[in-house]
Amino acid sequence: TVFIEAFVPPPRLLVFGAVDFTGALVRVAKVLGYRVTVCDAREVFATRARFPQADEVVVDWPDRLLGRVGASLTTRDAVCVLTHDAKFDVPALVSALATDVGYVGAMGSRRTHADRLARLVEAGVGEAALARIRAPIGLDLGARTPEETAVSICAEIIAQRTGRADARPLRDTAGPIHA
């Protein structure tokens with residue numbers, strides 16, 4: 001008789017931008033078992049007091065953090081860019097897309113994302129890499145509050161990880177619930 005017990009490290013979520021939605025996303029991701037890092041170059045916003053549930057709060061530029069940890073990211077991990085600011089978004093996304101991270105999402109309107117895509121093309125990002133970006137971030141659940149938005153983002157991360165790109169209500173599907 002052989003007993004095997006495997007331990008897998010928790011999936012990682014890197015959240016770039018210490019904005020109002022970040023706190024809600026940290027809380028929801030922690031419930032789902034993620035090891036969460038919040039990163040922002042603005043020291044006044046990226047504080048342990050603002051994000052007490054985060055496993056790590058890093059004051060640095062997103063691309064520099066990804067330069068340090070990017071090689072360790074896997075398809076189980078996720079990157080969420082919530083800053084809405086090209087000077088943060090573009091370097092963060094370029095760096096995230098150079099990793100094996102399974103989910104890359106960016107917050108902003110469709111117009112903001114169109115502008116962001118143009119900047120990413122100028123930065124040399126190819127079409128296949130651009131297609132990896134989930135933006136506007138989250139599933140269309142009708143979310144209004146930061147907490148609802150966090151649920152919609154985490155739902156999209158789960159759908160991406162499990163290959164359910166067409167996530168819809170279970171009552172509208174047929175067959176087994178679990179693959």
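1. Contact, as used in this note, means heavy atoms within 4.5 Å. Helices (H or I, at least four residues) and strands (E, at least two) are DSSP runs, numbered from the N terminus. The model is predicted, so that local features need pLDDT of at least 70 and side-chain atom pairs count only at pLDDT 80 or more, while totals for chains, interfaces and linings use all residues. Residues are numbered from 1 along each chain as its sequence is written, and side-chain values use heavy atoms, with hydrogens and water left out.

2. On the packing of two helices, Ala86, Asp89, Val90, Leu93 and Val94 in α3 meet Arg116, Arg119 and Leu120 in α4. The axes of α3 and helix α4 (residues 110–122) come within 10 Å and cross at roughly 55°, the axes being lines fitted to C-alpha atoms, for helices over the stretch in contact, with angles that run from 0 to 180 degrees between N-to-C directions. That makes α3 oblique to α4, a term for what remains when angles under 35 degrees count as roughly parallel, over 145 as roughly antiparallel and 65 to 115 as roughly perpendicular.

3. The largest nonpolar core has 23 residues, of which Leu13, Leu25, Cys80, Ile153 and Ile157 touch the most other members. Such a core is a set of buried Ala, Val, Leu, Ile, Met, Phe, Trp, Tyr and Cys residues joined through side-chain atoms within 4.5 Å, where buried means under 20% relative accessible area, exposed over 50%, and partly exposed in between (1.4 Å probe, protein chains only). At least two residues of this core come from each of β1 (12–16), α1 (20–31), β2 (35–40), β4 (78–81) and α6 (146–162). Apart from it lies another core, of 22 residues, which includes Leu65, Val79, Ala96 and Ile133.

4. Cysteine 80 deserves a separate look: leaving out residues up to four places away in sequence, its contacts are Leu13, Leu14, Val15, Phe16, Leu25, Tyr103, Gly105, Ile137, Ile153 and Ile157.

5. In α1, the buried residues are Thr22, Gly23, Ala24, Leu25, Val26 and Ala29, and what covers them includes β1, β2, β4 and α6. After α1 comes glycine 33, whose phi is positive, near 90°.

6. Threonine 37, in strand β2, is buried at 2% relative accessibility, and it touches Arg12, Leu13, Leu14, Val15, Glu56, Val58 and Leu65, not counting residues up to four places away in sequence. Glutamate 156, in helix α6, is buried with a relative accessible area of 6%; leaving aside its neighbours within four places in sequence, glutamate 156 is in contact with Tyr103, Arg134, Ile137, Gly138 and Leu139.

7. The count of aromatic pairs comes to 1, by a rule under which rings of Phe, Tyr and Trp (its six-membered ring) pair if their centres lie within 6.5 Å, with planes under 30 degrees apart counted as stacked, over 60 as edge-to-face and the rest as tilted. Tryptophan 61 and phenylalanine 88 form this pair, which is stacked, at 4.8 Å centre to centre and 20° between the planes. The pair links distant parts of the chain, 27 residues apart, with tryptophan 61 in the loop between β3 (56–59) and α2 (62–69) and phenylalanine 88 in helix α3 (residues 86–97). Tryptophan 61 is partly exposed, at 33% relative accessible area, whereas phenylalanine 88 is buried at 5%.
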